[in-house]
Amino acid sequence: MLVNMSDEVLQHLQIDVRKPASVADLGCGVGTVARYAARKFPQAKITGITIIDYQIEKGNSFICKEGLQKNISLVKDNFENLQFAEETFTHLYALESACHANGADKELFIQEMARVLKTGGRFCIADGFLKQNKKPPRLFTYLYKKIIKFWAVPGFANIHDFESKLKGYGLQDIQVKEISL
């Protein structure tokens, strides 16, 4: 399932295997997707971003074991307040990590993503989103509260508000695609 999701995300990024690319994995965990991407796109330099020291340590051990040190670096940084310069990356992705950003509309996450993405760059986010603007049924609300508690996320963004914020930060050609079916 992770391979299929990774392929879906990487396909949408349209990384050219023949050209250098600077790619950011926002919320990389132990770098599983970054390692997969590095093998598919050997010309790419991938920066995995996480706030958790253990993930960097464990991820670096996997990267060394797989001989991918030249392609991937894991850094401790906060994707809501990145230490990178504007327009650093040609490609960005966030696979099941944007939900960990603060705020109902994930604005700080979007603001930073837009800031560090090069003009004309591509991004892809695969995550859980709320799809409706109307008040959900009580059972849904109950289950939603349980999910965010046990997954340790502040909440899922409403996809319509999220898309609006993306546009508000100048991102263009936005496609929202349902892939969970």
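**Helices, buried residues and aromatic pairs in a predicted model**

Gln14 is found in the loop between α1 and β1. Helices and strands here are DSSP runs, numbered from the N terminus: helices are H or I with at least four residues, and strands are E with at least two. Please note that this is a predicted model, in which local features need pLDDT of at least 70 and side-chain atom pairs count only at pLDDT 80 or more, while totals for chains, interfaces and linings use all residues. Residues are numbered from 1 along each chain as its sequence is written, and side-chain values use heavy atoms, with hydrogens and water left out.

Let us stay with Gln14. Its phi is positive, about 55°, although Gln14 is not a glycine. Most residues other than glycine have a negative phi. Gln14 counts as exposed because its relative accessibility is 55%; exposed means over 50% relative accessible area, buried under 20%, and partly exposed in between, with a 1.4 Å probe and protein chains only.

Lys106, in the loop between β4 and α4, also has a positive phi, near 60°. Is Lys106 buried or exposed? At 1% relative accessibility, Lys106 counts as buried.

I turn now to helix α1, residues 2-13, which holds Ser6. Ser6 has a relative accessibility of 2% and therefore counts as buried. A polar atom of the Ser6 side chain lies 2.8 Å from the backbone oxygen of Leu2. Which residues does Ser6 contact, if neighbours within four places in sequence are left aside? They are Val33, Tyr36 and Leu95, where contact means heavy atoms within 4.5 Å.

Val33 and Tyr36 bring us to helix α2, residues 32-40, where both are among the buried residues, together with Ala34, Arg35, Ala37 and Ala38. The elements that cover these buried residues include α1, β1 (21-26), β2 (44-50), α3 (53-65), β3 and β4.

The next topic is helix α4. Its buried residues are Phe109, Ile110, Glu112, Met113, Ala114 and Val116. Their cover includes β1, β4, β5 (117-126) and α6. The axes of α4 (residues 107-116) and α6 (residues 159-168) come within 10 Å and cross at roughly 35°. These axes are lines fitted to C-alpha atoms, for helices over the stretch in contact, with angles running from 0 to 180 degrees between N-to-C directions. On the α4 side, Glu107, Phe109, Ile110 and Met113 take part; on the α6 side, they meet Phe162, Lys165 and Leu166.

Phe79 and Phe109 form an edge-to-face pair, 5.0 Å centre to centre with 75° between the planes. This pair links distant parts of the chain, 30 residues apart: Phe79 is in the loop between β3 (72-76) and β4 (89-95), and Phe109 is in helix α4. Both Phe79 and Phe109 are buried. Elsewhere, Phe140, Tyr144, Trp151 and Phe156 form one aromatic cluster.

Finally, consider Ile179, in the segment after α6. Ile179 is partly exposed, with a relative accessible area of 36%. Not counting residues up to four places away in sequence, Ile179 touches Met5 and Glu8.

Methods
A polar contact is a pair of N or O atoms within 3.5 Å; within protein, one must be able to donate a hydrogen and the other to accept it, and residues adjacent in sequence count only if both atoms are side-chain atoms. Rings of Phe, Tyr and Trp (its six-membered ring) pair if their centres lie within 6.5 Å; planes under 30 degrees apart count as stacked, over 60 as edge-to-face and the rest as tilted.
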